[in-house]
Amino acid sequence: MIESLLVANRGEIARRIIRTAKRLGIRAIAVHSEADAGLPFVAEADEAVCVGPANPAQSYRNVEAILAAAQKTGAQAIHPGYGFLSENADFARTVEAAGLIWVGPGADAISAMGDKINARNLMAAAGVPVAPGTTDPAASVDAAVAAAAEIGYPVMVKAAAGGGGMGMGVAADEAELRTQYEKVGAFADRMFGDGSVLIERYFPRVRHVEVQILGLADGRVVALGERECSVQRRNQKLVEESPSPAVSAELRSRFLAAAVRAGEAVGYRNAGTVECLLDPTTQEFFFLEMNTRLQVEHPVTEYVYGVDLVEEQLRVAAGLAPTFDPDALAPRGHAIELRINAEDPKRFLPGPGVIATWNEPTGDGVRVDSGYVAGNTVTPFYDSLMAKLIVSGADRAEVIERARAAVAGFEIAGPKNNIPFFAELLENAEFLSGDYDTGIVSRMR
């Protein structure tokens, strides 16, 4: 097993990775910005190094500073968490060139799946269902209009290099498409350094379902079930649950087989997620993208499949066999994750501030992965995620009851937070029925 691990991230995911590393007897090393010096993950690491000021470009995305920290501390491996440099193929190559172990998929797989058009084409060739759309970037707005005429409106205009729900727009007609083409292209160029866009069929009523895959050290790719991610605001997830209430045993079998094919097509190793759109009427699903990293919502899979995904990542990176039997994977029970963000519960606008009170709920089946404690400051420099409330139980009904109690018992004072939204959601008839889609939050607002 790896002996020392540098965690190139912050907040709750750094704290969560450090927890597993220390349980396994691995020396855990944190890097942090000046703004994060007082956060729990820094104190809980065996060693910590400041890598720069608050600006992520000068700290958490500062490759030279992170590698210098690894050299200074004698780190053997680097885990990138999610966000920041986690899906940066050049960073993965640089880590390995420095003689360190990269805890993630190979750089070639990251590159292959990072470009949405290339990923679509690879998946189609591997027999993974893809939505009708362009196979090459729409080189001009007129080319986009021509493509939309063949695909049929409404269409999705999507940044080819985007991800995480960013760089997307919907067009119901040609006039709107021309506007969205320019808007998305400019955003993509600014955010990702690549203004290329693709055009896909847009499904007005759709569910967002993803499959957790793990590429093992022996070359096999296995699937650890699906997660429902349809409770979203601005195309970004707020709630995830596993198993999905929309997925039958037969549909699950098709989902998982397609996800395994997707991983095999790029020689995938380590943890990743194959994200899909599901038409609830026809039960057809289509490849959306692959996230070549650990997902924010991985804990629901951990509960339902009885694994520690961070431990499995470390074992793959070290060339070791998994702790579980790959031929005997089956879901047991149910789990739901609620993302506790520093944002107002109505318009979901960021609300940073000093945390005056922080009381986490406890109880059967309740887990909180948090990045903060009372006295910390939620700054405007990073993502608004403060904690993840994960609730598990024998079935969905039991989990929802436990989640209601946990939400009622989660007390945060200081920053604005979205806990009141979750209290509302857990009483919402559409959500309780399990028959909901990606429009549920807009209908609640």
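This is a predicted model: local features need pLDDT of at least 70, side-chain atom pairs count only at pLDDT 80 or more; totals for chains, interfaces and linings use all residues.
Me: What makes the pair of tyrosine 60 and phenylalanine 84 stacked?

Reply: The ring centres of tyrosine 60 and phenylalanine 84 lie 5.0 Å apart, with 25° between the planes.

Me: How do you know whether tyrosine 60 is buried or exposed?

Reply: Its relative accessibility is 0%. Buried means under 20%, so tyrosine 60 counts as buried.

Me: Why is the pair of tryptophan 358 and phenylalanine 410 called edge-to-face?

Reply: The planes of tryptophan 358 and phenylalanine 410 stand at 85°, and the ring centres are 5.5 Å apart. Tryptophan 358 is in strand E16 (residues 357-359), while phenylalanine 410 is in the loop between helix H12 (396-408) and strand E20 (411-413), 52 residues apart. Both tryptophan 358 and phenylalanine 410 are buried.

Me: How do you know that a charge sits over the ring of tyrosine 436?

Reply: The charged end of arginine 207 is 4.7 Å from the centre of that ring. The distance cut-off is 6 Å, and the charge must also be within 35 degrees of the ring normal; arginine 207 is listed as sitting over the ring of tyrosine 436. Likewise, the charged end of arginine 396 sits over the ring of phenylalanine 431, 4.8 Å from its centre.

Me: What makes aspartate 308 buried?

Reply: Aspartate 308 has 15% relative accessibility, and the limit for buried is under 20%, so aspartate 308 counts as buried. Its place is in the loop between helix H10 (298-305) and helix H11 (309-317). A polar atom of its side chain lies 3.0 Å from the backbone nitrogen of valine 310. Beyond residues up to four places away in sequence, aspartate 308 touches Arg16, Thr20, Arg23 and Glu302.

Me: Why is histidine 32 called buried?

Reply: Its relative accessible area is 9%, and buried means under 20%, so histidine 32 qualifies. Histidine 32 is found in strand E2 (residues 27-33). Leaving aside neighbours within four places in sequence, its contacts include Phe41, Cys50 and Tyr60.

Me: Why are E3 and strand E5 (101-102) placed at the edges of their sheet?

Reply: E3 and E5 each have a single partner strand, so one side of each is left without a neighbour in the sheet. The 5 strands of this open sheet run in the order E3-E2-E1-E4-E5, with parallel pairing. H3 lies across E1, E2, E3 and E4, at about 155° to E3.

Me: How do you know that strand E9 (residues 207-215) and strand E12 (residues 270-278) pair?

Reply: They are joined in the antiparallel sense over 9 bridges. Pairing asks for at least two bridges, so E9 and E12 count as paired. Valine 209 stands opposite cysteine 276 in E12. E9 and E12 belong to an open, antiparallel sheet of 8 strands, ordered E13-E12-E9-E10-E11-E14-E19-E17.

Methods. Residues are numbered from 1 along each chain as its sequence is written. Side-chain values use heavy atoms; hydrogens and water are left out. Rings of Phe, Tyr and Trp (its six-membered ring) pair if their centres lie within 6.5 Å; planes under 30 degrees apart count as stacked, over 60 as edge-to-face and the rest as tilted. Buried means under 20% relative accessible area, exposed over 50%, partly exposed in between (1.4 Å probe, protein chains only). Helices (H or I, at least four residues) and strands (E, at least two) are DSSP runs, numbered from the N terminus. A polar contact is a pair of N or O atoms within 3.5 Å; within protein, one must be able to donate a hydrogen and the other to accept it, and residues adjacent in sequence count only if both atoms are side-chain atoms. Contact means heavy atoms within 4.5 Å. Axes are lines fitted to C-alpha atoms, for helices over the stretch in contact, and angles run from 0 to 180 degrees between N-to-C directions.
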